[in-house]
Amino acid sequence: MSRERLNFLFLNVGHFLDHLFMLIFATVAALRLAEEWGMSYAALIPYATPGFVAFGICAIPAGWIADKWSRQGMMIIFFIGIGVSSIATALADSPVEIAAGLFAIGVFAAIYHPVGLAMVVHGRTKTGIPLAVNGVFGNLGVAAAALLTGWLIDTGSWRNAFVLPGVVSIGLGVAYAAFVWSDRAAQAARAAARAGGAGAKKAAAGASTIERATFVRVLSIIVFTTAVGGLIFQSTTFALPKMFDERLTDIASSATAVGGYAFLVFTIAAFAQLVVGYLVDHHSVRTVFAFVAGLQAVFFAIMYQLTGVAALVVSVAFMLVVFGQIPINDVLVGRITRSEWRSRIYSIRYIVTFSVMASTLPLIAGIHATWGFSALFVVMAVAASGIFAAVLMLPRTGAIIGQPAPA
């Protein structure tokens, strides 16, 4: 395996772990801690808020440090730091202590998106498929969080759900450090070769030259759809295990079963990114984005009061389009920004995403406690409709919105 492919594999595994760590608590809270600590689900989940706040806010300094210092160095810190923080979280004996542990996890988890995604798109002309492959790994992390945590709860303790991934992440951090430091000379030689290569490749890896007004317009739409998309992503991925616990009672009677169904839904849906990644590399981003957002609104409306097998089937449908949306904004960012400040632009996008995700947790708790999950699906249907309307304001033509120019 070439060093480039091995580096891409490390980045993909990092994305898997990033989302896994951020959602372990969602299953732990729904299926074990609420009972063990004598708290309601609605009262417990807001303690995850500090972690998601850190996940958003810390993306800015992480992106800045990566651009100024070393993206690979920041990835080493990510692997080891998040692993140590997860193991420390397993020692919590109170909601405040677990909130502190989740905050530490969020600090290190914030590194991945501005740094890892900038590394994924670096030097590439067509970024849809690489981002989609990377996104599949991230969504498999979402899926594995529910399955792995549910299984560990049934076979041991909720604490093991934090310890085992933590140990694995630390080991990967050490392996990635060895990979990075093993051949510095070769990396320098490749960088020099790329710098001395054709200017067309450098231009392709950077951004197209666009008018300022178009740049501002596209960036504004990215920010808006990122914010609303963050609300939808958090609502679906965080609440799905609890929703299955309530609505699949006839087919899911244990934590492992609930986690298994969530894993099934998330895993099937993850591969939608490959389809969307291909489509945005070969067709208009505007058309693909509008189609995805429109389907979200339809499926959320259908889900309103479904239970049993019907709820499971429609859950697969709406998660397909929720996950399918993920690479679209990342492709747009890659097309309108240049490599030397791309990590910082990604950090802005993800601070919006995860700040909204953090504020969504109290919203989920309040809606669930007052009206149940039916009202949450109404909120998400309206939110998806807002994304659809915003996407229609993207430019109809141009290299940014249409097909990328050939290398």
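**Exercise 1.** In which helix is the place of Thr-237?

Solution. Thr-237 belongs to helix α12, residues 212-247, where helices are DSSP runs (H or I, at least four residues) numbered from the N terminus. The model is predicted, so local features need pLDDT of at least 70 and side-chain atom pairs count only at pLDDT 80 or more, whereas totals for chains, interfaces and linings use all residues. Residues are numbered from 1 along each chain as its sequence is written, and side-chain values use heavy atoms, with hydrogens and water left out. With a relative accessible area of 2%, Thr-237 is buried, a class that means under 20%, while exposed means over 50% and partly exposed lies in between (1.4 Å probe, protein chains only). Its side chain reaches the backbone oxygen of Phe-233 at 2.7 Å.

**Exercise 2.** Determine whether the length of helix α6 agrees with its number of residues, and where its buried residues lie.

Solution. Helix α6 covers residues 95-109, and its 15 residues at 1.5 Å a residue should span 21 Å, the expected span being 1.5 Å times one less than the number of residues. The end C-alpha atoms of α6 are 20 Å apart, which agrees. The buried residues of α6 are Pro-95, Ile-98, Ala-99, Gly-101, Leu-102, Ile-105, Gly-106 and Ala-109. Seen down the axis of α6, these buried residues fall within an arc of 165°, so they line one face of the helix; the arc is that of the directions from the helix axis to the C-beta atoms.

**Exercise 3.** How many salt bridges does the structure hold, and how is each placed?

Solution. Side chains of opposite charge can pair when their charged atoms come close. The structure holds three salt bridges, each defined by a side-chain nitrogen of Lys or Arg within 4 Å of a carboxyl oxygen of Asp or Glu.

- Arg-71 pairs with Asp-67, the closest N and O atoms being 2.9 Å apart, and Arg-71 is buried at a relative accessible area of 16%.
- Asp-93 pairs with Arg-159 at 3.0 Å between the closest N and O atoms. This pair links distant parts of the chain, 66 residues apart: Asp-93 is in the loop between α5 and α6, and Arg-159 in the loop between α8 (128-155) and α9 (160-182). Asp-93 is exposed at 55% relative accessibility, whereas Arg-159 is partly exposed at 25%.
- Lys-242 pairs with Asp-245, with 3.8 Å between the closest N and O atoms. Both residues lie in helix α12, three residues apart, about one turn of the helix.

Technical notes: Helix = DSSP H or I, 4+ residues; strand = E, 2+ residues; numbered from the N terminus. Polar contact = N/O pair within 3.5 Å; in protein donor to acceptor, adjacent residues only side chain to side chain.
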